[in-house]
Amino acid sequence: MKKLILMLGLIALCISCEERTEKPENTRGIPGPEKVEALRPDIDKQEQDLKERGYSTFRYQEGDTAYLMQQYYLVLLKAGPNRSQDSVEAAELQKQHMAHLNRMGKEGHVSLAGPIGDDGEIRGIVIYNTATQKEADSLARVDPMVEAGRLEVEVYPWWAAKGGKLN
């Protein structure tokens with residue numbers, strides 16, 4: 001189980017990391033007020049591009065800082081009804097599950113993924129970056145673990161600042 005959690009954690013880290021070419025303006029990576037006006041044309045362009053591709057967005061202003069908010073989809077991976085696979089079959093399903101999440105990350109559909117740290121009903125969380133809930137649901141359901149019934153999914157709309165990072 002520890003190996004599984006470590007492997008999923010490493011995959012989540014790889015999916016959620018991106019190379020930075022410049023240092024953030026503060027420790028939270030949020031631009032200071034002096035940069036907001038310079039960034040506004042980029043926000044306008046990014047917002048227009050997202051809306052043209054069918055994504056839901058809105059702007060949030062806090063003081064001098066503007067945020068472009070985007071709707072993502074939080075997928076809860078829950079223990080499914082068919083968890084009776086032997087260890088060999090479960091290991092193969094896990095390998096296919098990880099390949100699916102990696103492919104979703106490389107294709108830009110998944111922004112973050114990782115396991116839950118206990119053996120409860122919720123087994124993992126995946127944040128899908130898709131235009132619609134239907135698309136996120138469809139992509140989550142072609143996960144080999146879900147198709148085998150070892151996991152089942154629940155999908156919820158979730159808002160986050162575009163470009164936000166975990167700290």
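**Salt bridges and surface features of the predicted model**

Glutamate 154 and lysine 78 form a salt bridge, with the closest N and O atoms 2.7 Å apart; a salt bridge is defined as a side-chain nitrogen of Lys or Arg within 4 Å of a carboxyl oxygen of Asp or Glu. This pair links distant parts of the chain, 76 residues apart: glutamate 154 lies in strand β5 (residues 151–161) and lysine 78 in strand β2 (residues 65–79). Helices (H or I, at least four residues) and strands (E, at least two) are DSSP runs, numbered from the N terminus. Glutamate 154 is partly exposed, with a relative accessible area of 26%, whereas lysine 78 is buried, at 11%. Buried denotes under 20% relative accessible area, exposed over 50%, and partly exposed the range in between (1.4 Å probe, protein chains only).

The structure is a predicted model, in which local features need pLDDT of at least 70 and side-chain atom pairs count only at pLDDT 80 or more, while totals for chains, interfaces and linings use all residues. Residues are numbered from 1 along each chain as its sequence is written, and side-chain values use heavy atoms, with hydrogens and water left out.

The salt-bridge count comes to seven. One of the salt bridges joins the side chains of arginine 141 and aspartate 137, at 2.8 Å from N to O. Both residues are in helix α4 (residues 133–141), four residues apart, or about one turn of the helix. Arginine 141 is partly exposed, at 40% relative accessibility, and aspartate 137 is partly exposed as well, at 23%. Arginine 123 and aspartate 119 also meet in a salt bridge through their side chains, with an N to O distance of 3.7 Å. Aspartate 119 is exposed, at 59% relative accessibility.

Phe58, Tyr60 and Trp159 make a nonpolar surface patch of about 280 Å². Patches are made of residues with over 30% relative accessible area and no salt bridge; like charges are joined within 9 Å and nonpolar side chains (Val, Leu, Ile, Met, Phe, Trp, Tyr) within 5 Å. Accessible areas come from the Shrake-Rupley method with a 1.4 Å probe, and for residues only the protein chains shown count as cover. Tyrosine 60 belongs to strand β1 (residues 57–62) and is partly exposed, at 37% relative accessibility.

Alanine 113 is located in strand β3 (residues 110–115) and is buried, at 6% relative accessibility. The C-alpha atoms of alanine 113 and isoleucine 125 are separated by 5.7 Å, the two residues being twelve residues apart along the chain.
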